[in-house]
Amino acid sequence: MDDNRTELERLGEFGLIDRLADGVKIYHESTIKGIGDDAAVIDAGDKYMLLTTDTLVENVHFNLMYTPLKHLGYKSAIVNFSDIYAMNGDVRQIVVSIAMSNRFSLEAVEEIYDGIKKACDLYQVDLVGGDTTSSTSGLIITITAVGEVAKDEIVYRSGGKEKELLVVTGNLGAAFMGLQVLERERQIYLENPAIQPALEGVDYILERQLKPEARKDVIHYLKSLGVKPTSMIDVSDGLASEVLHLCKAGNLGCALYDEKIPVDQETFRVAREFNLDPTTCALNGGEDYELLFPSNKLITIK
Ligand code: ADP
Ligand code: MG
């Protein structure tokens, strides 16, 4: 055993990021916010530019047995858009890097791009470049998104105030339960390919897993109400993790009320079928891509 070797699992993802961030120097005044928020913030003159990147890796983030390629492309764009909205900004451009083996045909890659283009059309984003390489270990898609926000509209993870009410823009845990169903059916198929997948009554949670949306609508709605949250984060890793990030960044504590955590009926029912606690799914599931922010006003969001 090497005494100098630290296993990554001991650090966890956030511990690792903290270690990597250690000693990173900022040389430019234009770097307003570096590592540590949903997107980096860069002074672009009369506005701030926002910059974020996310990678989806085959057999880590998706399994091609049950992930339609078009949905995969769509989702890989959406997860990036969500981080820009979490800064209260608007997405402007993306670049797309894709690594794949010769197992993929032109038609397959075009399917992925159809999904990416669909997301760009719906969210009004320009696809402006990328990179194409080969991979020996599965499909990898990395998207980097650029956004912008008026300087007085930027919202960080920090900035929350005492006595605010933490609100979330939609129900949680659905994408996680969708994944559980897909994984269950995959296992059943592997054991007996003749069995048809049992996917009745789970449309909503499957859609939340396979074709998520980012809450651009909420950002524009809040603007129309003249509401600017004091702080904000998107829920990509589960409510528990995001609440901790907001509290840590704002130097605050908070209380969560079990019965107030929004869980959709279908999520609730399927969680029970799996002998899972629906609240635990909301807290630890992830991939919800809802926005979480404290508010001092009561806001009704569809
Ligand atoms: P999110 O879930 O919002 O995408 P992450 O948890 O992935 O955010 O990352 C948290 C912060 O750490 C972000 O500011 C991100 O840019 C930064 N970060 C993540 N991985 C790295 C890395 N390998 N090197 C530098 N910064 C990183
Ligand atoms: Mg985020």
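Visitor: Which residues of α4 meet which residues of α8?

Guide: Ala174, Met177, Val181 and Arg184 in α4 meet Thr267, Val270, Ala271 and Glu273 in α8, where contact means heavy atoms within 4.5 Å. Helices here are DSSP runs (H or I, at least four residues), numbered from the N terminus. A quick caveat: this is a predicted model, where local features need pLDDT of at least 70, side-chain atom pairs count only at pLDDT 80 or more, and totals for chains, interfaces and linings use all residues. Side-chain values use heavy atoms, without hydrogens and water, residues are numbered from 1 along each chain as its sequence is written, and chains are lettered from A and ligands numbered from 1 in the order written.

Visitor: What makes α4 oblique to α8?

Guide: Their axes cross at roughly 45° and come within 9 Å. Under 35 degrees is roughly parallel, over 145 roughly antiparallel, 65 to 115 roughly perpendicular and the rest oblique, so α4 is oblique to α8.

Visitor: Why is the pair of phenylalanine 81 and tyrosine 123 called tilted?

Guide: Rings of Phe, Tyr and Trp (its six-membered ring) pair if their centres lie within 6.5 Å; planes under 30 degrees apart are stacked, over 60 edge-to-face, the rest tilted. This pair has 5.3 Å centre to centre and 55° between the planes, hence tilted.

Visitor: How do you know whether phenylalanine 81 is buried or exposed?

Guide: Buried means under 20% relative accessible area, exposed over 50%, partly exposed in between (1.4 Å probe, protein chains only). Phenylalanine 81 has 0%, so it is buried, and tyrosine 123, at 7%, is buried too.

Conventions: Axes fitted to C-alpha atoms, helices over the stretch in contact; angles between N-to-C directions. Helix = DSSP H or I, 4+ residues; strand = E, 2+ residues; numbered from the N terminus.
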